[in-house]
Amino acid sequence: MDSMIASTPVIDLNADLGEGFGRWTLTDDEALLSAVTSANVACGFHAGDPSIMRRVCERAAEHGVRIGAQVSYRDLAGFGRRSMDVPPGELADEVAYQIGALEVFARAAGSRVSYVKPHGALYNRTVYDAGQAAAVVAGVRLAAGAGATGGLPVLGLPGSLLLAAAEEAGLAAVPEAFADRAYTPAGTLVPRTEPGSVLHDPDAVVARAVGMTAGGTVTAADGSAVPVAARSLCLHGDTPGAAGLALRVRETLGAAGVRVEAFT
């Protein structure tokens, strides 16, 4: 029995939540929290505000969903999708600031911040930029040193410099895959500026999710098979119909013999 459990594929299902500002709402947080196991909560730099952060933390705690700090460049106008040359020390401070702000609301809800995941341009930049990757990790450690959180796991792309920096700093490095994004043959994400970078066909997204978790591969944009070794699977919360798609992915994974549970 133990060997059967050990061989069962296990995956966390995460999505971006709290991506609104004031009266503007982008993500269907309540519906997404019924499907995901981890919530990447916007911390105010690319989206989100204090009231939204508090509300999402409360709902996540009620659903038993892990709360993650989705840290970003300070870029509300560009939704955090514009790369910026932020000095490493300043970026570390801003990462720590975002984690600390979310931790206040997570603890008020009877929960805590369980992990950190960069958003958008910062996520992609830390795949190959050693300085920015190290700054994000320094920010995570700064938040921990301030007593706001523990040594938080860092969620990122397999093979990225971000995960390498996290491991070097003694933090848990959690690899993730994207069910609704196109991949290059090198295993990185196709830039959003290119056609077909985001998958909108629900059937294709569901099939890709199963292939990644149960099969360990994903088909790249050129048709080649790329190995995938991920502990978490991401669905973007700002995609139309994201909540229904997340639920369908979770149900299909379960039917395929994949256990869906948080990594923390």
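Asn-14 sits in strand E1, which spans residues 10–17. Please keep in mind that this is a predicted model.

**Asn-14 and its surroundings**
- With a relative accessible area of 0%, Asn-14 is buried, because the cut-off for that label is under 20%.
- Beyond its neighbours within four places in sequence, Asn-14 has contacts that include Val-36, Ser-38 and Asn-40.
- Tyr-115, Lys-117, Leu-155 and Glu-176 are also among the contacts of Asn-14.
- The run Ser-232, Leu-233, Cys-234 and Leu-235 touches Asn-14 as well.

**The largest pocket**
- The volume of the largest pocket is about 440 Å³.
- Its lining is made up of 24 residues, and Gly-120, Ala-121, Asn-124, Arg-181 and Arg-192 are the closest to the centre.
- Strand E4 (113–118) and helix H5 (120–128) are the elements that each supply two or more lining residues.
- Helix H5 contributes the most to this lining, with six residues.
- By class, the lining of the largest pocket holds eleven nonpolar, eight polar and five charged residues.

**The second largest pocket**
- This pocket has a volume of about 160 Å³.
- Fifteen residues line the second largest pocket, and those nearest its centre are Thr-25, Thr-27, Asp-29, Arg-55 and Val-56.
- Two or more lining residues come from each of helix H2 (29–32) and helix H3 (50–63).
- Helix H3 gives the most here, with four residues.
- The lining of the second largest pocket divides into five nonpolar, five polar and five charged residues.

Notes:
Residues are numbered from 1 along each chain as its sequence is written. This is a predicted model: local features need pLDDT of at least 70, side-chain atom pairs count only at pLDDT 80 or more; totals for chains, interfaces and linings use all residues. Side-chain values use heavy atoms; hydrogens and water are left out. Buried means under 20% relative accessible area, exposed over 50%, partly exposed in between (1.4 Å probe, protein chains only). Contact means heavy atoms within 4.5 Å. On a 1 Å grid over the protein atoms alone, a cavity is a set of points where a 1.4 Å probe fits but cannot get out, and a pocket is an open set with protein on both sides within 12 Å along at least five of seven lines; lining residues have an atom within 4 Å of a point. Grid points are joined across faces, edges and corners, and a volume is the space filled by probe spheres set on the points. Ala, Val, Leu, Ile, Met, Phe, Trp, Tyr, Cys and Pro count as nonpolar, Asp, Glu, Lys and Arg as charged, and the others, Gly among them, as polar.
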